[in-house]
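Here is a short briefing on one protein model. Look at the fold as a whole before turning to single residues.

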Amino acid sequence: MDARLYAGEELDLGAAGRSVGDQFVFGGDLASAEAGEERVVGSIGGFCVITDLERNAGQCASTAVLPEGQITVQGEQAGIPVPGLVVNAITAGTGAFRRSHGQVTQRVLTPATWQLTFELLDVPPHRPEGGRGPHEAPTPVPPSLPGK
């Protein structure tokens, strides 16, 4: 999955120039390529706070918003705003991802395009429109009797 950033802003907070506490705030679309065709599948937004000037590193948090729910990611990144290869923890999720955990690997392809690989554990199988997985029988429903 690729993140296509449409907002990326460095905020110079506190002392002038790069200093501890400065932030990088970002947002964009999540795109997935299926059968050679790319389509937007969600969005991502987050921020990094500079904590180490020598390594240009900071603590980062982001949220991937997908139709099935949200996935939150957190961890340290060095080289902000264009870090090298980064692996951060999946810290929580909602909806279909509420029991998920794992990690996300981030590769910066260009400053505005990041490749994200989500390695999710404990995600229930996708349920089609009927609400059942492929190996589940329909749940019997007692008949409705008028007047009772």
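The protein chain has 0 helices and 8 strands. Helices (H or I, at least four residues) and strands (E, at least two) are DSSP runs, numbered from the N terminus. Read along the sequence, the pattern is β-β-β-β-β-β-β-β. This is a predicted model: local features need pLDDT of at least 70, side-chain atom pairs count only at pLDDT 80 or more, and totals for chains, interfaces and linings use all residues. Residues are numbered from 1 along each chain as its sequence is written, and side-chain values use heavy atoms, with hydrogens and water left out.

**The whole chain**

- The protein chain has 148 residues, and 30% of them count as buried. Buried means under 20% relative accessible area, exposed means over 50%, and partly exposed lies in between (1.4 Å probe, protein chains only).
- The accessible surface of the protein chain is about 9,100 Å². Carbon and sulfur atoms hold 56% of that surface. Accessible areas come from the Shrake-Rupley method with a 1.4 Å probe; for residues, only the protein chains shown count as cover.
- Take the contacts in the protein chain with a separation of 6 or more: 33% of them are between residues 24 or more positions apart. Contact means heavy atoms within 4.5 Å.

**Strand pairing**

- Strand 7 and strand 8 run antiparallel and are joined by 9 bridges. Two strands pair if DSSP finds at least two bridges between them.
- A hairpin through 2 residues links strand 7 to strand 8.
- V108 has W114 in strand 8 as its bridge partner.
- Strand 8 (residues 113–121) also runs antiparallel to strand 1, with 3 bridges between them. R4 stands opposite T113 in strand 8.
- In a regular strand the side chains alternate between the two faces of the sheet.

**The disulfide**

- How many disulfides does a search of the whole structure find? The search finds 1. A disulfide is a pair of cysteine sulfur atoms within 2.5 Å.
- The disulfide joins C48 to C60, with an S to S distance of 2.1 Å.
- C48 lies in strand 3 (residues 37–52) and C60 in strand 4 (residues 57–66), so the pair ties together parts that are 12 residues apart in sequence.
- The torsion about the S-S bond of C48 and C60 is about 115°, so this disulfide is right-handed.
- C48 is buried, at 3% relative accessible area. C60 is buried too, at 5%.

**Q106, in a strand**

- Q106 sits in strand 7 (residues 101–110).
- Is Q106 buried or exposed? Q106 is buried, because its relative accessible area is 8%.
- Leaving out residues up to four places away in sequence, Q106 touches Q77, P83, G84, L85, V86, W114, Q115 and L116.

**G17, in a loop**

- G17 belongs to the loop between strand 1 (2–11) and strand 2 (23–34).
- The relative accessible area of G17 is 33%, so G17 is partly exposed.
- Beyond its neighbours within four places in sequence, G17 is in contact with D12 and D22.

**A nonpolar patch**

- L11, L13, V25 and F47 make a nonpolar surface patch of about 290 Å². Patches are made of residues with over 30% relative accessible area and no salt bridge: like charges are joined within 9 Å, nonpolar side chains (Val, Leu, Ile, Met, Phe, Trp, Tyr) within 5 Å. A salt bridge is a side-chain nitrogen of Lys or Arg within 4 Å of a carboxyl oxygen of Asp or Glu.
- V25 is in strand 2. V25 is partly exposed, with a relative accessible area of 32%.
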